[in-house]
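Student: I have a protein model to look at, and I would like to work through it with you step by step. Could we begin with the overall picture and then turn to single residues?

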Amino acid sequence: MQLPPQLPRVKIVYIPADTHESVEEWTLEVPEGKEVECLMNRLNKHFSNFSLSQEQRDAKRQALVQQLGKDVAAKLDESMLEAA
(Lines give C-alpha, C1' and ligand atoms only; values in the text may rest on other atoms or scores of the structure.)
Protein backbone atom coordinates (compact mmCIF):
# COMPACT_ATOMS: atom_id res chain seq x y z
CA MET A 1 0.00 0.00 0.00
CA GLN A 2 1.39 3.36 -1.03
CA LEU A 3 0.64 6.44 1.03
CA PRO A 4 -0.35 9.65 -0.76
CA PRO A 5 2.38 12.28 -0.91
CA GLN A 6 2.41 14.68 2.00
CA LEU A 7 2.77 18.40 1.77
CA PRO A 8 6.09 19.80 2.96
CA ARG A 9 5.90 21.00 6.54
CA VAL A 10 7.70 23.78 8.30
CA LYS A 11 7.93 24.50 12.01
CA ILE A 12 7.79 28.04 13.29
CA VAL A 13 8.63 29.08 16.82
CA TYR A 14 6.66 32.09 18.03
CA ILE A 15 8.47 33.93 20.82
CA PRO A 16 6.21 36.62 22.26
CA ALA A 17 7.55 39.96 23.41
CA ASP A 18 5.48 39.63 26.59
CA THR A 19 7.43 37.37 28.95
CA HIS A 20 4.16 36.27 30.58
CA GLU A 21 3.06 34.56 27.37
CA SER A 22 4.22 31.08 26.43
CA VAL A 23 6.49 30.27 23.53
CA GLU A 24 4.54 28.43 20.84
CA GLU A 25 5.60 26.01 18.11
CA TRP A 26 3.47 25.99 14.98
CA THR A 27 3.64 23.32 12.27
CA LEU A 28 2.42 24.45 8.87
CA GLU A 29 1.74 22.36 5.81
CA VAL A 30 3.08 24.34 2.88
CA PRO A 31 1.50 23.77 -0.54
CA GLU A 32 3.89 24.32 -3.44
CA GLY A 33 3.85 27.93 -4.59
CA LYS A 34 2.00 29.11 -1.48
CA GLU A 35 4.95 29.46 0.89
CA VAL A 36 4.45 33.14 1.69
CA GLU A 37 0.65 32.97 1.63
CA CYS A 38 0.70 30.06 4.07
CA LEU A 39 2.86 31.98 6.54
CA MET A 40 0.84 35.19 6.15
CA ASN A 41 -2.43 33.34 6.79
CA ARG A 42 -1.03 31.83 9.99
CA LEU A 43 0.27 35.19 11.19
CA ASN A 44 -3.05 36.88 10.37
CA LYS A 45 -4.86 34.19 12.35
CA HIS A 46 -2.59 34.74 15.35
CA PHE A 47 -2.68 38.53 15.32
CA SER A 48 -6.36 38.94 14.38
CA ASN A 49 -7.26 39.43 18.05
CA PHE A 50 -4.68 42.18 18.39
CA SER A 51 -6.15 45.66 18.58
CA LEU A 52 -4.59 49.09 18.79
CA SER A 53 -5.53 51.78 21.27
CA GLN A 54 -6.90 55.04 19.87
CA GLU A 55 -3.53 56.67 20.56
CA GLN A 56 -1.73 53.92 18.61
CA ARG A 57 -4.20 54.19 15.70
CA ASP A 58 -3.66 57.96 15.57
CA ALA A 59 0.12 57.54 15.59
CA LYS A 60 -0.10 54.91 12.83
CA ARG A 61 -2.32 57.18 10.72
CA GLN A 62 0.03 60.11 11.24
CA ALA A 63 3.03 57.98 10.18
CA LEU A 64 1.18 56.80 7.05
CA VAL A 65 0.25 60.35 6.08
CA GLN A 66 3.86 61.41 6.58
CA GLN A 67 5.16 58.52 4.42
CA LEU A 68 2.59 58.96 1.65
CA GLY A 69 2.53 62.73 1.65
CA LYS A 70 -0.52 64.87 2.36
CA ASP A 71 -1.65 64.99 -1.27
CA VAL A 72 -1.80 61.20 -1.65
CA ALA A 73 -3.24 60.63 1.82
CA ALA A 74 -6.03 63.14 1.11
CA LYS A 75 -7.22 60.88 -1.76
CA LEU A 76 -7.61 57.88 0.55
CA ASP A 77 -10.71 57.28 2.61
CA GLU A 78 -10.57 56.42 6.31
CA SER A 79 -11.18 52.70 5.74
CA MET A 80 -8.07 52.50 3.54
CA LEU A 81 -5.94 54.21 6.17
CA GLU A 82 -7.36 51.94 8.89
CA ALA A 83 -6.65 48.81 6.84
CA ALA A 84 -3.01 49.76 6.22
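Tutor: Let us begin with a definition, namely that helices (H or I, at least four residues) and strands (E, at least two) are DSSP runs, numbered from the N terminus. Please keep in mind throughout that this is a predicted model.

Student: How many helices and strands does the protein chain have, and which pattern do they follow along the sequence?

Tutor: Counting the runs in the protein chain gives four helices and two strands. When these elements are read along the sequence, the pattern that they follow is β-β-α-α-α-α.

Student: What radius of gyration does the protein chain have, beside that of a compact globule of 84 residues?

Tutor: The C-alpha trace spans about 65 × 35 × 15 Å along its principal axes. A compact globule of 84 residues would have a radius of gyration near 12 Å, but the value for the protein chain is 19 Å.

Student: Which percentage of the 84 residues is buried?

Tutor: A residue counts as buried when its relative accessible area is under 20%. The protein chain exposes about 7500 Å², of which carbon and sulfur atoms supply 54%. Of the 84 residues in the protein chain, the buried ones make up 13%.

Student: Does the span of helix α2 agree or disagree with 1.5 Å a residue, and what is the distance between its end C-alpha atoms?

Tutor: Helix α2 covers residues 54-68, and because its 15 residues are taken at 1.5 Å a residue, the helix should span 21 Å. The computed distance agrees with this expectation, since the end C-alpha atoms of α2 are separated by 21 Å.

Student: Is Leu76 buried, partly exposed or exposed?

Tutor: Leu76 sits in the loop between α3 (70-74) and α4 (78-83), and its C-alpha atom is 9.9 Å from that of Val65, which is 11 residues away along the chain. Because its relative accessibility is 27%, Leu76 counts as partly exposed.

Student: Is Asn49 buried or exposed?

Tutor: Asn49 belongs to the loop between α1 (35-47) and α2, and 28 Å separate its C-alpha atom from that of Leu7, 42 residues away along the chain. Because its relative accessible area is 71%, Asn49 is exposed.

Student: Where does Ser22 lie?

Tutor: With a relative accessible area of 54%, Ser22 is exposed. As for its position, Ser22 is found in the loop between β1 (9-14) and β2 (24-29).

How values were computed: Residues numbered from 1 in each chain as written. Predicted model: local features only at pLDDT ≥ 70, side-chain atom pairs only at ≥ 80, totals over all residues. Heavy atoms only, no water. Rg over C-alpha atoms; globule rule 2.2 N^0.38 Å. Buried < 20%, exposed > 50% of the residue type's maximum accessible area, 1.4 Å probe, protein only. Areas by Shrake-Rupley, 256 points an atom, 1.4 Å probe, with all protein chains shown as cover. Expected span 1.5 Å × (residues − 1).
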